[in-house]
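Please examine the sequence and the structure displayed below. The briefing that follows is arranged by topic.

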Amino acid sequence: MAMAALARRKASSLLLSKNLCSSSDAFKYSLSLSSFSRGFASGSGDNAAAAIKKRGTLVGCIPSKALSPGVSGGNALRTTMKTETLIPGLVFNKGTPDFVCCAGSSLVHPRRGYSTDSGLPAHQEIGMPSLSPTMTEACCCTSTLFVGNIARWLKKEGDKVSPGEVLCEVETDKATVEMECMEEGYLAKIVRVDGEKEIKVGEVIAITVEDEEDIAKFKDYEPSKSGDAPAAKGPSDSAPPKEEKVEEPPIPPEPKATKATAASSAEDRLFASPLARKLAEDHKVPLSSIKGTGPDGRIVKADIEDYLASGEKAAPKVDTAAAASLDYTDIPNSQIRKITASRLLLSKQTIPHYYLTVDTRVDKLMELRSQLNSLQEASGGKKISINDLVIKAAALALRKVPQCNSSWTNDYIRQYNNVNINVAVQTDNGLFVPVIKDADKKGLSKISDDVKLLAQKARENSLKPEDYEGGTFTVSNLGGPFGIKQFCAIINPPQAGILAVGSAEKRVIPGSGSEQYQFASFLSATLSCDHRVIDGAIGAEWLKAFKGYIENPESMLL
């Protein structure tokens, strides 16, 4: 115990020396908890401190009392996992200043607690994991909240669990992701059942124990809540009690004025993050009309976005009598629907869109497709679609005009070396945009296979983060599936362009003679551009390159 306390003190001094919560360094360091644990297990404080010094410090740390006070200390915390895996939500509650790590990646939040007051045996509190960078309303370091939903549990209470086994399925804003078990044990208690929604990241969803006989002891277990931490007694103990009881002579006018002034000051003072204030100012949104969902009622970015998405700023008043006579059904918004609405609204309001449309003749393209599909059938492969050829042509055009393969920041334009094409897929669960990585380097057969696989995963709601992250450009096709002739798409931020593809139609065009004519098939394609990144001439140059590949498809095979 003495060695563990020494290790914690050394660890604390190292953590503080790194200035964990500074804006520039907060996310530069990571902690290898297995190395840290080995230092404790061996009884060497120097080993533990050296492990931290060698591997870096915690990621994005904040005082743990603000988030999760429910784990009692007394014994060294023990965690078994790969050295490169971070565990946000791990709480140190004794001996050293309290910190909680809250890295925003695909991480689980286990907390190993040895209870000394409640009489419960050693157990592990499994927290809601962060499985998507946009599964949020934002990280605790930016005063917002990560949330997720429990789709279903694949294990039931009392089941034995082993590392790598799937405990449950978590619904994020983009997909349903499997949450795996990290340690061997028994599932003693399911705190959050199937279908529960908007669970904050780190919030306890289940309890595991090492011994099967301990399962029954958690039948009526209730996890500690973030707001249940006992109030600190330091300030009240240090304040002299006599001074608190001193009563001032009553003067009728002045106390009333003081109370009124204090109340007015409290009402006028609104707490909001700097980003939320800027967003509200840009859209002329009065902060007084918004209820904050951040810590202590703080207004955060997501609150402003929700306000803008709901249309409250210009919502007309509905006549109550007329509304009562309408027959309607309220359909709850899914997490992906909320995120899609928020991102598209933000895109349309903050990105200066402009549109360029071109008609491309696709007779040669369709002839080439027919020839390739004959070869595919002979070899047992899957058919290549027009959309597969469009994706390939768009990728090659981006390689030829790399300015369109970029994104905007306030300080610079980031131009990507990888050409990753997001493909819009409509499903019953909402709109998904899985990504085809390095589409410019892949053959048509590989692109076709990837599109079909990702589209199927999107319809099954089983996309993983790596299936839709990292796109640099988007293609949306409403022509083939729906017969839409032409449309303009909304840019998918932070990208700078999106191509809207319409259907092919036959037209009559002049022939070589004065009274001759012929039929030809044309496809309409519209490029939506971010004018901050893509100037009109650059957008036109990209469309020219795209049209060249479509009308001379053999060049895509070179």
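**Helix H16 and the rest of the chain**

The buried residues of H16 are Ile538, Gly539, Trp542, Leu543, Ala545, Phe546, Tyr549 and Ile550, where buried means under 20% relative accessible area, exposed over 50% and partly exposed in between, with a 1.4 Å probe and protein chains only. Viewed down the axis of H16, these buried residues fall within an arc of 160°, so they line one face of the helix; the arc is that of the directions from the helix axis to the C-beta atoms. The model is predicted: local features need pLDDT of at least 70, side-chain atom pairs count only at pLDDT 80 or more, and totals for chains, interfaces and linings use all residues. Residues are numbered from 1 along each chain as its sequence is written, and side-chain values use heavy atoms, with hydrogens and water left out.

**Helix H16**

- An α-helix has 3.6 residues a turn, so residues three or four places apart point the same way.
- H16 covers residues 536–551 and has 16 residues; its first and last C-alpha atoms are 22 Å apart, close to the 22 Å expected at 1.5 Å a residue, the expected span being 1.5 Å times one less than the number of residues.
- Exposed residues Ala537 and Lys544 are carried on the face of H16 turned away from its buried side.
- The buried residues of H16 pack against helices H11 (363–379) and H12 (386–400), and also against strands S10 (353–361), S17 (473–477), S18 (497–510) and S19 (517–530); contact means heavy atoms within 4.5 Å.

**Chain overview**

- The chain has 16 helices and 19 strands; helices (H or I, at least four residues) and strands (E, at least two) are DSSP runs, numbered from the N terminus.
- Of the 558 residues in the chain, 44% are buried.
- Among contacts between residues at least 6 apart in sequence, 64% join residues at least 24 apart.
- The accessible surface of the chain is about 30000 Å², and 53% of this belongs to carbon and sulfur atoms; the areas come from the Shrake-Rupley method with a 1.4 Å probe.

**Annotated span**

- UniProt, in an unreviewed entry, lists residues 271–308 as "domain: Peripheral subunit-binding (PSBD)"; such annotations may be inferred rather than shown by experiment.
- Residues 271–308 are 45% helix and 0% strand, and their end C-alpha atoms lie 19 Å apart.

**The loop between S3 and S4**

- Asp159 is placed in the loop between strand S3 (147–153) and strand S4 (160–161), and Lys155 is also in the loop between S3 and S4.
- Asp159 and Ala188 are 29 residues apart in sequence, with their C-alpha atoms 7.9 Å apart in space.
- Not counting residues up to four places away in sequence, Asp159 touches Gly185, Tyr186 and Leu187.
- A polar atom of the Asp159 side chain lies 3.0 Å from the backbone nitrogen of Lys156.
- The side chains of Lys155 and Glu165 are joined by a polar contact of 3.2 Å, a polar contact being a pair of N or O atoms within 3.5 Å, one able to donate a hydrogen and the other to accept it within protein, and residues adjacent in sequence counting only if both atoms are side-chain atoms.

**Backbone geometry**

- The peptide bond from Pro493 to Pro494 is cis, with omega near 10°; Pro494 is in the loop between helix H15 (479–482) and S18.
- Glu198, a residue other than glycine, has a positive phi near 50° and lies in the loop between strand S7 (185–190) and strand S8 (199–200).
- Glu198 counts as partly exposed because its relative accessibility is 44%.
- Asp438 is not a glycine, yet its phi is positive at about 50°; Asp438 is in the loop between strand S16 (435–436) and helix H13 (444–459).
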